[in-house]
Amino acid sequence: DSDRAPISTRRWLLDPIVLVTRADLETPTDQLLIDEDTRFAIVHESEPLGQYTRFALRKRNRWELVKDRALRFSSAAELLDAVETDEAHIAAVYASDLAKRRNATSPAATGHDLATREELEVSESARRAFTLLVMTPEGVELAQWLASPELTESAARFGYRRDTPPLQTD
């Protein structure tokens, strides 16, 4: 039914999976992944975040090195707690979960600041992405506002980043 077909569909925001450590940990990320003494915090593989983390580490040829020393938890909050308390050296969480922690607490409250090391490269089907879908002519202006550089830049405070380059205007 063309009356229900979208006028426009475009990628908008991405919530990437990032590797997180305590800010005062200076060991390079890849060294943490291969070092036998490193404890890696991961959400149970029965959860999407755990599956996607495992897939990304396999793609990077690091899963076999990490799996036997992975500490499995039920939630991103538990992963971040494990890194803050030094129960784990590194964890994989969605950037929005880390931002939520940073926005809710201060390093003074926890005693430790957390640092994003890098984004894990995941497959297209494993991405946590948000799409703008315009169904009415009136929605075009709203979608343009939501996709504006100012608004997508402000989403960074919540862990999100632009999923596509900004539209070029002549």
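These legends go with a set of close-up views of a predicted model. Local features need pLDDT of at least 70 and side-chain atom pairs count only at pLDDT 80 or more, while totals for chains, interfaces and linings use all residues. Residues are numbered from 1 along each chain as its sequence is written, and side-chain values use heavy atoms, with hydrogens and water left out.

**View 1. Five strands make an open, mixed sheet.** Reading across, the order is E4-E3-E5-E2-E6. Helices (H or I, at least four residues) and strands (E, at least two) are DSSP runs, numbered from the N terminus; two strands pair if DSSP finds at least two bridges between them. E4 (70-73) and E6 (114-119) each have a single partner strand, so one side of each has no neighbour in the sheet. From one strand to the next, the twist averages 35°. Angles run from 0 to 180 degrees between N-to-C directions, with axes fitted to C-alpha atoms (for helices, over the stretch in contact).

View 2. Strand E3 (residues 40-43) pairs with E4 in the parallel sense, over four bridges. One spot to look for is alanine 41, whose bridge partner in E4 is leucine 71.

**View 3. Glutamate 84 and arginine 101 link the two helices.** Their salt bridge (a side-chain nitrogen of Lys or Arg within 4 Å of a carboxyl oxygen of Asp or Glu) has its closest N and O atoms 3.0 Å apart. Glutamate 84 sits in H4 and arginine 101 in H5, 17 residues apart. Both are buried; that means under 20% relative accessible area, with exposed over 50% and partly exposed in between (1.4 Å probe, protein chains only).

**View 4. Arginine 22 pairs with aspartate 86.** Here the closest N and O atoms are 4.0 Å apart. Arginine 22 belongs to E2 and aspartate 86 to the loop between H4 and E5, 64 residues apart. Arginine 22 is buried at 15% relative accessibility, whereas aspartate 86 is partly exposed at 36%.

**View 5. Glutamate 119 reaches arginine 161.** The closest N and O atoms of this salt bridge are 2.8 Å apart. Glutamate 119 is in E6 and arginine 161 in E8 (residues 161-162), so the pair ties together parts 42 residues apart in sequence.
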